[in-house]
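The paragraphs below begin at the ligand and then turn to the helices.

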Amino acid sequence: MEMEFAGRVLDMSLCHVMGVLNVTPDSFSDGGRFNHQGAAILRARQMVADGAAFIDVGGESTRPGAARVSVQEELDRVCPVVEAIARELDVIVSVDTSTPEVMSQAAELGAGLVNDVRALCRDGALEAVASANVPVCIMHIQGEPDTMQNQPEYQNVLREVGAFLTQRVRAAAQAGINTRNIILDPGFGFGKNLEHNLRLLASLEQLQALGHPLLVGMSRKSMLGHITGRDVDERLPASLAAATISAMMGASIIRAHDVRETVDAVRVAMAVKEAV
Ligand code: 9MG
């Protein structure tokens, strides 16, 4: 199964690594915007050298309690970085945004994927992706980032996440988005407790039955902290275990901070899968 991202074709039956590139002011400790952007592009260059197939550029943190940014601020953070990476590096640029204006402008500047943790629910988001005609990752979230971890509840998390994603695929199709351009993501840690996250990970193969490639992101997340008791900067081994399990269970894209190590883990998983 192949997908095209701004002219680059990927075999989605394989597993690819997406490097995380946050361009929020606290991401690079230098102050000025120019240095900040230069540091972001250097980091992207390193992730490409380490084997990333995608760089996911995000200008608004989705952590509970993170400050909201204006549309203009998000455009100013994200667009120059998207444009420079698309021009300079051999990689697919993904834009991590829920803001229609950012989706449209980033696609014009060369982004090959829209990654929306709010599943194209903001006004104008479905239309922005339909007219940009780029692939999109639709992620499940329960609630809003600020409050999503306050006692999330499900009767049956797998069924409810599946139903939500199916409903969003239908809305996307009605808005004119080509369904062959849709990637789905169960949204680990987005309105889920540890039990919910584990049930979803254990059932990843069942989510594949929805008929779309899957993207997963567990790198450094608190679910891994709950299991291991480790702080965020000590979660690499747990992140690699989660990436390996996901690749074995058929994920097409793993979103990760530690690209070099994750690429190695995914290569081992794919080699084993090929031997079956
Ligand atoms: C932006 N972002 C943070 N975590 C994520 C995840 O798990 N999936 C996707 N698609 N995006 C994420």
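In this predicted model, a side-chain N or O atom of asparagine 115 lies 2.8 Å from a nitrogen atom of the ligand. Of the 310 Å² of accessible area that the ligand has on its own, the protein covers 95%. Asn115, Gly217 and Lys221 belong to a set of residues around the ligand that also includes Asp96, Val117, Cys137, Met139 and Asp185, together with Phe190, Leu215 and Arg255.

Turning to the helices, two packed helices are described by the angle between their axes and the distance between the axes. Helix H3, spanning residues 100–108, packs against helix H4, spanning residues 125–132, at an angle of about 10°, and their axes are 8 Å apart. Because angles under 35 degrees count as roughly parallel, H3 is roughly parallel to H4. Pro100, Met103, Ser104 and Ala107 of H3 make this contact with Ala125, Ala128, Val129 and Ala132 of H4, and the residues involved divide into 7 nonpolar, 1 polar and no charged.

A second pair is formed by helix H5 (residues 157–174) and helix H6 (residues 194–202), whose axes lie 9 Å apart and meet at an angle of about 70°; H5 and H6 are therefore roughly perpendicular to each other. Here Val157, Leu158 and Val161 in H5 meet His196, Arg199 and Leu200 in H6, and the residues of this contact comprise 4 nonpolar, 1 polar and 1 charged.

Definitions and conventions:
Residues are numbered from 1 along each chain as its sequence is written. This is a predicted model: local features need pLDDT of at least 70, side-chain atom pairs count only at pLDDT 80 or more; totals for chains, interfaces and linings use all residues. Side-chain values use heavy atoms; hydrogens and water are left out. Axes are lines fitted to C-alpha atoms, for helices over the stretch in contact, and angles run from 0 to 180 degrees between N-to-C directions. Helices (H or I, at least four residues) and strands (E, at least two) are DSSP runs, numbered from the N terminus. Angles under 35 degrees count as roughly parallel, over 145 as roughly antiparallel, 65 to 115 as roughly perpendicular and the rest as oblique. Contact means heavy atoms within 4.5 Å. Ala, Val, Leu, Ile, Met, Phe, Trp, Tyr, Cys and Pro count as nonpolar, Asp, Glu, Lys and Arg as charged, and the others, Gly among them, as polar. A residue is near a molecule or strand if one of its heavy atoms lies within 4 Å of it. A polar contact is a pair of N or O atoms within 3.5 Å; within protein, one must be able to donate a hydrogen and the other to accept it, and residues adjacent in sequence count only if both atoms are side-chain atoms. Accessible areas come from the Shrake-Rupley method with a 1.4 Å probe; for residues, only the protein chains shown count as cover.
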